[in-house]
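Grab a pencil and let's work through a few exercises together. Have a look at the model first.

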Amino acid sequence: MNLKHSRSSGERTLNGRLKSIQPWAAIVGGGALAAYGLSRKSVGGAALAAVGTFGAIAGARRGTLPATAIHVQKTFTIDRPAQELYNYWHNFENLPHFMRHLKSVTTHGRYSHWTANGPMGVPVVWDAELLDEKPGEYLVWRSLPGSGISNRGSVEFRPASNGSGTEVTVALTYRNPGGKLGAAMAKLLGGEPEQQVREDLRRFKALMEAGEIPTVVGQPEGRRSKMVAMMHATKQPEATQRVRKGPRKETSPAGLQPKYTGTQFGGAR
Amino acid sequence: MKALCWFGKHDVRVETVPDPVILNPHDCIVKITRTAICGSDLHLYDGYIPTMEQGDILGHEFMGEVVEVGTDVKQRKIGDRVVVPFTIACGSCYFCKQQLWSLCDNSNPNAAIAEALYGYSGSALFGYSHIYGGYAGGQAQYVRVPFADVGPLKIESDLPDDKVLFLSDIFPTGYMAAENCDIKDGDVVCVWGCGPVGQFAIRSAKMLGAGKVIAIDRIPERLKLAQEGGAEIVNYEHAPDLIETLKELTGGRGPDACIDAVGMESHGHGIDWYSDRAKQMLGASFDRPFALRQCIQSCRKGGVVSIPGVYGGFLDNFPFGAAFGKGLTFRMGQTHMMRYMKKLLDHVERGEIDPSVIITHRLPLQNAPDGYSTFLKKQDNCIKVVLDPWGEGGNA
């Protein structure tokens, strides 16, 4: 990523504000993040631990990195033209189609209002502005000062080196405000921001290439054990899928003969 | 509807479950007229495939009639009679465009799980564990089929179901196994395993110009069927040194290509087989690659080892030195179904091959649990079980 996007003054940008944080905060905060990540005992947790450790080490060495900023970057190749992908993303109101934690985004010119599904069903909201854009190439946005969740995001579209499609890189940085809000944010990210960004991008790819996001939520199944049922209860339907509305009308249980009967049954070879 | 559900090792049951509905715009619903138990279903039945969950609906070889289509389905129409391939492919990603249909990027909702295990995810499959997508399978009365315009092959002729059903998996799978051998006129192809896929691999190798096909198994009726398909047969239980036997049968050169149509639950004899079996029973390894080792050992220098048999995890005692030392080529993977279905249908329609010859058992869906057990134990000369989802239960 080599984006030039500092339109506002350094004081007001996320990075500008983060730079003012003391190095010791980076060391302590990074260490805590690492400990938390390790305690998750998962891939995402490991990533978080890695990010945290990196933050702590970098903080100790250079004293410049933000305290508990979480930075995630993921790349997928999508077999569609860059401009088409850019156009879809440029309308932020489309983002909830493939970003699971988002409930809605409404845009007003350069400004947008984001609503995410927070813990315990309480929505988390913030306002953001489009910082920079280059049609067919990149978009950069960030939350406005005063937003509960301080974040910054960018998406970049580059023609794939093999000439087939577009390499799409999403980078997100969240700053952990600490306290109650920090806890809420961690929950919002599922504690696994790496995984969340990766899966969001995978859904974006499917939507752009195949015109739908694969799902099995709502399909029939036999009796589940309690444990499996609990696991499945956390699976949500995709925003793009038709939500199941009870059984099909023309349901025909046993008795109705299929149109094509093939050869007769019963006679072994 | 009625559907066959998995509940654990050697425990499958026919249950009443809700009918499937359209969930995505390219879905269709197929009313199933004929379905079958695949040899690879036995890996699920034996509990060797990870990420199965109680209540999963099995079955990936099926055909029937389209009874409902999603809003974005253009080609398939209600009333179409279709054979549905076991792989699910979107038709628009890089891999689908390269005809590598079984490597589709966009059909597996659980791609993250497959990525964690394999680095990248292949396409989803019907009724074959959650790592392959967790899609409900087709040993049922109805099934939801995603990407209805991509996979399902419309059957225009009035050929009976039993003659076209196997275009859903095993016929194309056997054919791709043979095609992967890069057969030149007169080549010797050796096939391990004379189950359904092996039978189609034998016949396909002949179709593709093999001079000699050698078939290896231990079950007399399977060997007999292989012989009827044009193969020379070797019962490995009567061939204590199989590698030497094959050498003699191939003028001392070894087979030009070897097909492992057995997969992860190979049977055999000798110390390494017992060691594999013990490890698998202890859960220390998923796969026992006995047949695969023999393929590698007996293949001629510069030959091809083609692997349609299913493997899921890690291989122990894999003779990689032999593979390297002889400069072997390995070809494998789930079948790129849509490359082959139409072409093989033409062969069937022209009467050049009758896939139904492998069918030994026809049962109503209600009796599918018996079918699994009989097929696993190879009782009653069982080679292939087909199921009628609408047949009356009771004695088959």
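**Exercise 1.** At what angle do the axes of helix α5 (residues 170-179) of chain B and helix α6 (residues 196-207) of chain B cross?

*Solution.* Before we start: this is a predicted model, where local features need pLDDT of at least 70, side-chain atom pairs count only at pLDDT 80 or more, and totals for chains, interfaces and linings use all residues. Residues are numbered from 1 along each chain as its sequence is written, with chains lettered from A and ligands numbered from 1 in the order in which they are written.

Step 1: the two axes cross at roughly 50° and come within 7 Å.

**Exercise 2.** Which residues are buried in helix α4 (residues 82-90) of chain A?

*Solution.* Step 1: pick out Ala82(A), Leu85(A) and Tyr86(A), which are buried (20 or more other C-beta atoms within 10 Å of a residue's own, with C-beta atoms placed from the backbone).

Step 2: look down the axis of α4(A); the buried residues fall within an arc of 100°, so they line one face of the helix.

Step 3: find their packing partners in chain A, namely β1 (69-78), β6 (150-159), β7 (166-175) and α6 (193-210).

**Exercise 3.** How many residues of chain A are in contact with chain B?

*Solution.* Step 1: 43 residues of chain A touch 57 residues of chain B.

Step 1: α6(A) supplies the largest share of chain A's side, six residues.

Definitions and conventions
Axes are lines fitted to C-alpha atoms, for helices over the stretch in contact, and angles run from 0 to 180 degrees between N-to-C directions. Helices (H or I, at least four residues) and strands (E, at least two) are DSSP runs, numbered from the N terminus. A residue is buried if 20 or more other C-beta atoms lie within 10 Å of its own, exposed if 12 or fewer, and partly exposed in between; C-beta atoms are placed from the backbone. The arc is that of the directions from the helix axis to the C-beta atoms. Two residues are in contact if their C-beta atoms, placed from the backbone, lie within 7 Å.
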